[in-house]
Amino acid sequence: MTARTHDDDPDPRPPGDVLVVGAGLAATQTVAALRERGYDGRVVVLGAEGVAPYDRPPLSKHLLDRPRPTWLADEIGADLLTLADEVHLGTPARGLSLTGARPEVLTDQGALGADALVVASGAHAVQPPGWEAALTLHTAADAERLRAALVPGARLVVIGAGWIGAEVAGVAAAAGVDVVVVEANGAPLVAALGPTVGELTAPWYAAAGVRLLTGEHVVEVGTNGVSLADGKLIAADVVLAAVGARPTTDWLAGALPREPDGSLRVDEHHRVVGAPRNVRAVGDVALRRSPRHGWVPGGHWDGALRGPAALVADLLGTPADAVTDVAPYVFSTQLGHELALFGAPHTDDEVVLRGDPAGGGGWGALWFRRGSDDVGAILTVDRPRDVGAARRLFTAPGLPRLDRALAVDPGRLLREASLV
């Protein structure tokens, strides 16, 4: 069976076979969604790490108390190794050709073709040039190396006070490691939450026994620590570079249009913009068009978990059968606090706090689009009862609209503030 490949094809036939590049959550969910919809064609998967699919969030959140990977077969009940016809772990993609009738992926063992290609090759940790002495944390192998180095009394310098940096700093300090976090911005989590809300998390570091240095730039990483722009040396036995991740798409160079960070623009059904309709991308590699939020970058766990359903529904010709607009969602356990972020904050939003961050109880933040009642993002901190309400608010076609006076009152249920 040969798949038709034009974007304007109103009634595409299901592909005779599917090739999935990647063996993480997005890839596993893609194969599971194919089988759940009764697809009986051939499915082949290429993985790069040489191990069965596992969940990545526990790598940092449970770095020291979960020494083994959290296998996705156990976590979400989908076993990629049994659902796919062939799974080649430890066989990374090296290139892509779209010149023939079918997409063809190049590997060290030869070329593999299929009627449909799903790019789910994930992301990799950023390691700036000259920082080779620093460890990173993105894979199970990374976690194993870092775990072995973090013995009680060791000196750890974490470069970056983002999600990963904060999570590792907290678990390491609790285990008796001497931790210093160096952040170039003026506050933690600035890229994710902005300076106003990010600054509210700064006191958590000292309370957890972690030394936080903000506004400091690392200029050199050595085996004995890090050198800062002002000439100071922060001695360390272990250095962790936690300065972000980038989509793993270098293997696609020249074959598909990529953004400056390496991501692939996709529509609501995960079709790669500018490519044949039988070429899809999902998970960390995708920059997805969202009617609610605009362009949503990958890296969101819910996107990898739920996005494949929309991809598969459209690929098999039934796009109306699946939810297509998954809201960005990040959850974090850091420095003794539980955070959940729904939506996408904008730099020009009006930030309104829900509760008192200094009051010792839970609190939250809401990002209102300037001059309106539309809410682009909601953060909950140590308020589990707000998590479900926030998630439900971002299931409507448009942004939630909230009464500001009711939304800021922590004594009122969040759903009571809805204006819809």
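Predicted model: local features only at pLDDT ≥ 70, side-chain atom pairs only at ≥ 80, totals over all residues.

I will call a residue buried when its relative accessible area is under 20%.

An α-helix has 3.6 residues a turn, so residues three or four places apart point the same way.

Next, the cores. The largest nonpolar core has 39 residues, and the members touching the most others are Leu156, Val179 and Leu379. Helix α6, residues 163–174, is the top contributor to this core, with six residues. Leu156, leaving aside neighbours within four places in sequence, contacts Leu150, Val168, Ala172, Val177, Asp178, Val179, Val180, Val238 and Leu240. Another core, of 24 residues, lies apart from that one; Val31, Leu34, Leu80 and Leu311 are among its members.

On the annotation side, an unreviewed UniProt entry marks residues 17–291 as "domain: FAD/NAD(P)-binding". Over that range the chain is 22% helix and 29% strand, with the end C-alpha atoms 31 Å apart.

How many cavities of 30 Å³ or more does a search of the whole structure find? The search gives two. The largest cavity has a volume of about 130 Å³. Of its 15 lining residues, Arg288, Val296, Pro297, Gly298 and Gly303 lie nearest the centre. Helix α9 (301–315) and strand β21 (286–290) each supply at least two lining residues, and α9 gives the most, with three. By class, this lining is seven nonpolar, seven polar and one charged.

The second largest cavity holds about 30 Å³. Its lining includes Leu379, which we met in the largest core. Strands β26 and β27 are the elements giving two or more residues to this lining.

Last, an open site. The second largest pocket contains about 240 Å³ of space. It has 16 lining residues, with Pro67, Arg68, Pro69, Ala140 and Glu144 nearest its centre. At least two residues each come from α2 (58–61), β4 (70–71) and α5 (140–149), and α5 gives the most, with five. Nine of the lining residues are nonpolar, one is polar and six are charged.

That is all I have.

How values were computed: Residues numbered from 1 in each chain as written. Heavy atoms only, no water. UniProt positions renumbered as here; feature names shortened; annotations may be inferred. Helix = DSSP H or I, 4+ residues; strand = E, 2+ residues; numbered from the N terminus. Core = buried A, V, L, I, M, F, W, Y, C linked by side-chain atoms within 4.5 Å. Buried < 20%, exposed > 50% of the residue type's maximum accessible area, 1.4 Å probe, protein only. Contact = heavy atoms within 4.5 Å. 1 Å grid on protein atoms, 1.4 Å probe; cavity = no way out; pocket = protein on both sides within 12 Å on 5 of 7 lines; lining within 4 Å. Points joined across faces, edges and corners; volume = space filled by probe spheres on them. Nonpolar A, V, L, I, M, F, W, Y, C, P; charged D, E, K, R; others polar.
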